[in-house]
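Here's a quick walk through one protein model, from the overall numbers down to single residues. Have a look at it first.

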Amino acid sequence: SAAAEPAASSRAGAARRHALSALPCLVTGVLTLALVLALYLAQPAPLQQLDRQAYDLFLRLTAGGEPPPGIVIVDIDEKSIASLGQWPWPRYLVAALLENLDSAGASAIGLDILFSEADRTSVSHVRSMLKRFMDLDMTVQGLPDEVLDNDAILADALAATPSVVSMYLRFGAERAPLPAASLPAASLPAAPGLAVRELEAPAPGVSPTAGLITAGSATLPLPAFSTAAPVAFYNADLDSDGLLRRMSLVIAVQEKIYAGLALRTLMLARGVSALVLETGADGTEGVRVGDLVIPVSPDGTMPVLFRGPGRAYPYVSAVD
């Protein structure tokens, strides 16, 4: 018993010395974890840029190969402008372009063009301007009434073809909010065109728009166009270094949820009229288009997986 006491005391002392020697490592580990957590929450600019560069490297390593078929860029390029004149073109030309694309078998046409003002080349507009500013009465003979207004021609083409027109959303103090009635009801109202399926019930009273990027107002296409075709936003959010790495699939405007141009065009091509947001405890988790589920962040954005450099997809001159 007398011999056991010094041995036990020796073991206890060794344990204390071991604990004291491990204390600096433990403190260092805790401080390092706290620092990493703080950096993650604060997201300083250097850390964000490092994350972006890692994503760029990932894209360069994985890009390549043939892009999936079925997507074509119709380009209003220098060749088209040289042939048909400066942009913007008279809208009867845009109408002819849509009709030709429809005849060629396009299942959906997304127009990343904002038609928010009347066509000033319309015969009716030229006639009114001559009267207003020069007091001249212009007489037009031999033209049917339906060709006097280029906007009416384009509206008819939009209604007759599988087309999606664009609006531009505005955030913060860019512009005072618009009345809800002025937003195009033909796009994606919260009900009944939008179904929300909860994978995990959010907190009671949480709106389906909670967590999504929210716009205060929008620059809209002319009413004749927004009633003739679905409307989608075509905003692009660039990173601070001027590159586009993420895109919004859905954005909330005055408690209504609208789809981006790419998503709305995909819906039209697949014959899907109602969008499903899959939500969980953290908010939106995915966007469902028919049987296709696109994972998104809670704010409704997704990283863009670029297929390669510019012109990875086929381009066709608009004049062709």
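## Overall picture

Of the protein's 320 residues, 31% count as buried (under 20% relative accessible area; exposed is over 50% and partly exposed is in between, using a 1.4 Å probe and protein chains only). This is a predicted model, where local features need pLDDT of at least 70 and side-chain atom pairs count only at pLDDT 80 or more, while totals for chains, interfaces and linings use all residues. Residues are numbered from 1 along each chain as its sequence is written, and side-chain values use heavy atoms, with hydrogens and water left out.

There are eight helices and 15 strands, taken as DSSP runs numbered from the N terminus (helices are H or I with at least four residues, strands are E with at least two). Look at contacts (heavy atoms within 4.5 Å) between residues at least 6 apart in sequence, and 77% of them join residues at least 24 apart.

## The cores

The largest nonpolar core has 26 residues, and Leu154, Leu158, Met167 and Leu169 touch the most other members. A core here is a set of buried Ala, Val, Leu, Ile, Met, Phe, Trp, Tyr and Cys residues joined through side-chain atoms within 4.5 Å. Helix 4 (91-103), helix 6 (150-160), strand 3 (163-170), strand 7 (231-233) and strand 9 each put in at least two residues, with helix 6 giving the most, five. Leaving aside residues up to four places away in sequence, Leu154 touches Arg91, Val94, Ala95, Leu98, Phe115 and Phe225. Another core, of 16 residues, lies apart from this one and includes Leu212, Leu249, Val272 and Val287.

Strand 9 (residues 250-253) runs antiparallel to strand 10 over four bridges, and Ile251 has Tyr258 as its bridge partner.

Most residues other than glycine have a negative phi, and most peptide bonds are trans. Against that background, Trp87 and Pro88 are joined by a cis peptide bond, with omega about 5 degrees; Pro88 is in the loop between helix 3 (78-84) and helix 4. Then there's Arg311, not a glycine, yet with a positive phi of about 65 degrees.

## Salt bridges

The whole structure holds nine salt bridges (a side-chain nitrogen of Lys or Arg within 4 Å of a carboxyl oxygen of Asp or Glu). Arg311 forms one with Asp75, the closest N and O atoms being 3.3 Å apart. Because Arg311 is in the loop between strand 14 and strand 15 and Asp75 is in strand 1 (residues 73-75), the pair ties together parts 236 residues apart in sequence. Arg311 is exposed at 53% relative accessibility, whereas Asp75 is buried at 19%.

Asp241 and Arg245 pair up with their closest N and O atoms 2.9 Å apart. Asp241 is partly exposed, at 32% relative accessible area, while Arg245 is buried, at 5%. Arg270 also bridges to Asp291, at 3.1 Å between the closest N and O atoms. Arg270 belongs to helix 8 (residues 261-270) and Asp291 to the loop between strand 12 (283-289) and strand 13 (292-295), 21 residues apart.

Conventions
Pairing = 2+ DSSP bridges.
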